[in-house]
Amino acid sequence: MSVVEFRNVSKHFGDLKVLDEVDLEIQRQEVVVLVGPSGSGKSTLLRCINGLEEITGGDLIVNGISVRGGHARLREIRQQAGMVFQQFNLFPQFTALENVAFGPRQVLGMSRAESNARAIELLEKVGLADKANNAPSALSGGQQQRVAIARALAIRPKVMLFDEPTSALDPELKQEVLNVMRQLAEEGMTMIVVTHEMSFARSVGTRLIFMEHGKIAVDGDPREVINSPPNDRMKDFLRHVQ
Amino acid sequence: MDVQWSIIIDFIPQLLAGAQITLYITVLGLIGGIIVGTIAGLMRAYGGLFLNAIAFTYIEIIRGTPIIVQVMFIYFALPVLADLRIPGMTAAILAIVINAGAYIAEIVRGSVLSIGRGLSEAGLALGLPRWKVITHIVGPLAFRRLIPPLGNQCIVSLKDTSLFIVIGVGELTRTGQEIMAANFRAVEIWTAVAILYLIMTGTLSLILRMIEKRMRIL
């Protein structure tokens, strides 16, 4: 069974068609890199998966559950799909530890001790156990994003969604985040990543999707399609991001 | 000019009794106002078309009319319309509740909307129900931003109780007026009344500043 399945999915914002009858199946352990010019619909595609954007046509199945099944089902989907945002979106009133422990406690119903233990374990994984008691404002952008990854992992998702996770970071801070993502991929996590990091796509991605005008224009092996882009628009796009 | 500050001493108990009533109306009125305002503000921020329209209409009617007209309406017009007599004290408290409620609703709405959408999305993406996102994430953050404007409204409402002189509630201003009518000591009495208001609003400011400090406003 595929982890994520788009069936003829469309998304309109008023008259604007952002996703145009998209069909897409993503299997376990795939690392799908989504690229495309701005406005091509890649972020929207990602945000439809956990229902942050409501689809307006077709159907979208995540781990056997339709996003159109109502609030309760949508919450189940969200517990199986961890999300990492461009702007980190850590809860500023909590410490790093509390940010990570929040999901397990509030969503999975773990006890304080259990959720804190889980949070420490995950902060260790992203190399930030020593910052457990820091407020997000006392962390660098790269550190904040790693905490955000730990927070998303804390609810034991089946698939991780990354929405331009390094776009808000200085070049020297991008690498620490990309390293954590690479490690996740190596552990077999299914990942869907919107990014402009072509080196990441090439070395970690198992599949590359190029989007244009709300449609999937190219879908193939990252190394192959980056080395020899199958159409001029993608060639053009790659020239700009590389 | 004959000013005798010492005469104030004789009237201190009477003025303090007035101040007590002022505080009573203010505290009860503000508790109600905060409840009404929070509900109306959340209706504005999160409600659908219908709830939003109700809250919007309430806020616009109250903000668009003077509080003195509102209390007169409650005290004199409502009995005619609905055939129920409302004691002056109740009318005074009710007037603060609905008046402060309208302004607090806008304060609540503003604070809630000032919390970035990204934080709500981060909460929702974890699988939290919407109400938990409001109570655990947006609420506590919005509350910190709400304190300064809410403090303003508390002080305004406390002073607004002086207008209830028109329905004969024996609060501080009314008490001063009554004393003055008997002895014509305008300078002494109105000075004493003003100082009592300053003490009350000053204490309120101090409490608010303490809360603000403890909460380290974000």
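Modeller: A cavity is a set of points, on a 1 Å grid over the protein atoms alone, where a 1.4 Å probe fits but cannot get out, and its volume is the space filled by probe spheres set on points joined across faces, edges and corners. The model is predicted, with pLDDT of at least 70 needed for local features and 80 or more for side-chain atom pairs, while totals for chains, interfaces and linings use all residues. Residues are numbered from 1 along each chain, chains are lettered from A and ligands numbered from 1 as written, and side-chain values use heavy atoms, without hydrogens and water.

Colleague: Which elements give two or more residues to its lining?

Modeller: With lining residues having an atom within 4 Å of a point, they are strand S6 (81–84) and helix H5 (141–153) of chain A and helix H5 (117–125) of chain B, where helices (H or I, at least four residues) and strands (E, at least two) are DSSP runs numbered from the N terminus. Among the lining residues are Phe85(A), Arg151(A) and Leu126(B).

Colleague: What makes S4 and S5 of chain A a pair?

Modeller: Pairing requires at least two DSSP bridges, and S4(A) (57–62) and S5(A) have two, in the antiparallel sense; Ile61(A) has Ser66(A) as a bridge partner.

Colleague: Why is one side of S2(A) and of S5(A) left without a neighbour in the sheet?

Modeller: In the open sheet, ordered S2-S1-S4-S5 in chain A, S2 (16–26) and S5 (65–66) stand at the edges, so each has a single partner strand.

Key
On a 1 Å grid over the protein atoms alone, a cavity is a set of points where a 1.4 Å probe fits but cannot get out, and a pocket is an open set with protein on both sides within 12 Å along at least five of seven lines; lining residues have an atom within 4 Å of a point.
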